[in-house]
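Let's take a walk through a protein model together.

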Amino acid sequence: MYDYVGGKLDWLAAGLPTEGTNATRARAGDVARRDVPTCRLEEPIRAARERATAAGWDACVVVNDERVVLGLLRTDELRKGDEERVERVMRPGPSTFRPHVSIDDINKFMLTHDLPNCPITTSDGRLVGLIRREDVGAR
Amino acid sequence: MPKEIDRTDVRRLMREGVRVVEVLPRDEFEADHLPGAISLPLRNLETEAKEKLDPLRPVLVYCWDTA
């Protein structure tokens, strides 16, 4: 006999498929934009801004080599001095959601905290994508 | 004693045909469960295990998390 110690929470948080009445419900992992640009701590802001602009984004997620989310650059941070390093201006430890969370719950959170976007990560903190307000209906 | 495994092991064992069993209450199973899992709530374990489980087939159990 085997015991899956992480349980259903670990499975859902990894964005893996399930069966059941909730299986077709829209979740964060379904709407997260996986093409969000990323950057590293040591890069200059200019490089992150150029990458984001070229991709049509106003945000850039700061990750390490394992794509673990370390911070977030939103519009205000991307406007900072060209040669400033990302780690000095990023928003460290942004609020993140797991892929199994319903978009209704994220909608409420984004409205309450007036967030324009929100990273979606796996249970071990790796970037899945970014959700924008319009993706979950938050206005 | 059951052998403790992680997600990678679970996916491998599923491919190998393990019987996956959720021991949470039935309504939680009906909302979401791992692909191919059957429901065997803890409170019914003694009465339903013999009926639902093949003694020759490996079994993998899970609940909500590590608690």
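In what order do the five strands of the open sheet stand? Going across, you meet β1(B), β1(A), β4(B), β2(B) and β3(B), and the pairing is parallel. Strands β1 (3–5) and β3 (38–39) of chain B stand at the edges with a single partner strand each, so one side of each has no neighbour in the sheet.

A quick word on the bookkeeping. This is a predicted model, in which local features need pLDDT of at least 70 and side-chain atom pairs count only at pLDDT 80 or more, while totals for chains, interfaces and linings use all residues. Residues are numbered from 1 along each chain as its sequence is written, and chains are lettered from A and ligands numbered from 1 in the order in which they are written.

Now zoom in on the strand from chain A. Three bridges join β1(A) to β1(B), and the two run parallel; here Tyr2(A) has Lys3(B) as its bridge partner. With β4 (residues 59–62) of chain B, β1 (residues 2–4) of chain A pairs over two bridges, again in the parallel sense. There, Tyr2(A) stands opposite Leu60(B), and Asp3(A) has Val61(B) as its bridge partner.

Stay with β4(B) for a moment. Strand β2 (residues 19–22) of chain B pairs with β4(B) over four parallel bridges, and Val20(B) stands opposite Leu60(B).

How many residues does each chain bring to the contact? Chain B brings 24 and chain A brings 20, where two residues are in contact if their C-beta atoms, placed from the backbone, lie within 7 Å. On the side of chain B that touches chain A, β1, α1 (7–15), α2 (26–31) and β4 of chain B give two or more residues each. The most come from β4(B), with four residues.

Step back and look at chain B as a whole. It has three helices and four strands, and along the sequence they follow the pattern β-α-β-α-β-α-β. Its C-alpha atoms fill a box of roughly 25 × 25 × 25 Å along the principal axes. Of its 67 residues, 16% count as buried.

Finally, hop over to chain A and find helix α6 (residues 103–113), where Ile103(A), Ile106(A) and Met110(A) are buried. Why do they sit on the same side of α6(A)? They cover an arc of only 55° around the axis, and that puts them on the same side (the arc is that of the directions from the helix axis to the C-beta atoms). Their cover includes α2 (28–31), β6 (117–121), β7 (127–132) and α7 (133–136) of chain A. Just after α6(A), Asp114(A) takes a positive phi of about 50°.

How values were computed:
Pairing = 2+ DSSP bridges. Buried ≥ 20, exposed ≤ 12 C-beta atoms within 10 Å, placed from the backbone.
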